[in-house]
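Follow the stops below in order.

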Amino acid sequence: MSRIAVFADVQNIYYTSRQAFGRQFNYRALWKQLSEQGEIVHAIAYATHRGDDGQTKFQDALKHIGFTVKLKPDIQRSDGSSKGDWDVGIAVDVMTLAPEVDTVVLLSGDGDFDVLLERINIEPGVRTEVYGVESLTARSLIDATSVYHPISEDLLL
């Protein structure tokens, strides 16, 4: 049975799904789909922490599905924008856990991960898969992964 590690860039998937479809991503449907392909041995969701009830309920739902949820504080900038960037944390975890699995699954459209996936693809026996909103996923990321899955109706709430 194939061993799978899943890394979810929660902010990226939330905002791109909302922008493209006006809907939320269905993590439970993804879990079911991946479970049919192998054993999910690691599943980590990277999110920001604002402390509101809705966000806490969502994070609890991710935990109930089987994800480990890693949080960073949501930092408000003086211009009103916010920051809660997990790129380095995701990259470190992918590099650490990739040797333990057959497939690395990344949920993100962020082109900053292209170099990471190119490096992982060098490892014999480890393949990469990316799930992202096609119109908002960096071309470089699509080109860097073994398999690209555009998010479609079956993965939306």
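Is Glu-36 buried or exposed? Select Glu-36 and look: its relative accessibility is 58%, so Glu-36 counts as exposed. Keep in mind throughout that this is a predicted model.

**Stop 1: Lys-32 and Glu-36**

Lys-32 forms a salt bridge with Glu-36. Their closest N and O atoms are 3.0 Å apart. Lys-32 is exposed too, because its relative accessible area of 55% is over the 50% cut-off. The count of salt bridges in this model comes to 5. Two others are on this tour.

**Stop 2: Asp-93 and Lys-70**

Select Asp-93 and Lys-70. These side chains form a salt bridge, with 2.8 Å between the closest N and O atoms. The pair links distant parts of the chain, 23 residues apart. Colour helix α4, residues 87–97, to find Asp-93. Then colour strand β3, residues 68–73, to find Lys-70.

How accessible is Asp-93? Its relative accessible area is 14%, which is under 20%, so Asp-93 counts as buried. Lys-70 has 28% relative accessibility, so Lys-70 counts as partly exposed.

**Stop 3: Asp-143 and Arg-139**

Go to helix α6, residues 139–144. Select Asp-143 and Arg-139, which form a salt bridge. The closest N and O atoms are 3.3 Å apart. Why is the separation about one helical turn? Because Asp-143 and Arg-139 are 4 residues apart in helix α6. Asp-143 is exposed, and Arg-139 is exposed as well.

**Stop 4: the aromatic cluster**

Leave the charges and turn to rings. Which residues form one aromatic cluster? Select Phe-25, Tyr-27, Trp-31, Phe-58 and Phe-67. The model's aromatic pairs number 6. One of them joins Phe-25 and Tyr-27, and the arrangement is edge-to-face. Phe-25 and Tyr-27 are both buried.

**Stop 5: Lys-72 and Trp-86**

Finish where a charge meets a ring. Select Lys-72 and Trp-86. What sits over the ring of Trp-86? The charged end of Lys-72 does, 4.9 Å from the ring's centre.

Methods: Residues numbered from 1 in each chain as written. Predicted model: local features only at pLDDT ≥ 70, side-chain atom pairs only at ≥ 80, totals over all residues. Heavy atoms only, no water. Phe/Tyr/Trp six-rings, centres within 6.5 Å; stacked < 30°, edge-to-face > 60°. Buried < 20%, exposed > 50% of the residue type's maximum accessible area, 1.4 Å probe, protein only. Lys NZ or Arg CZ within 6 Å of the ring centre and 35° of its normal. Salt bridge = Lys/Arg side-chain N within 4 Å of Asp/Glu carboxyl O. Helix = DSSP H or I, 4+ residues; strand = E, 2+ residues; numbered from the N terminus.
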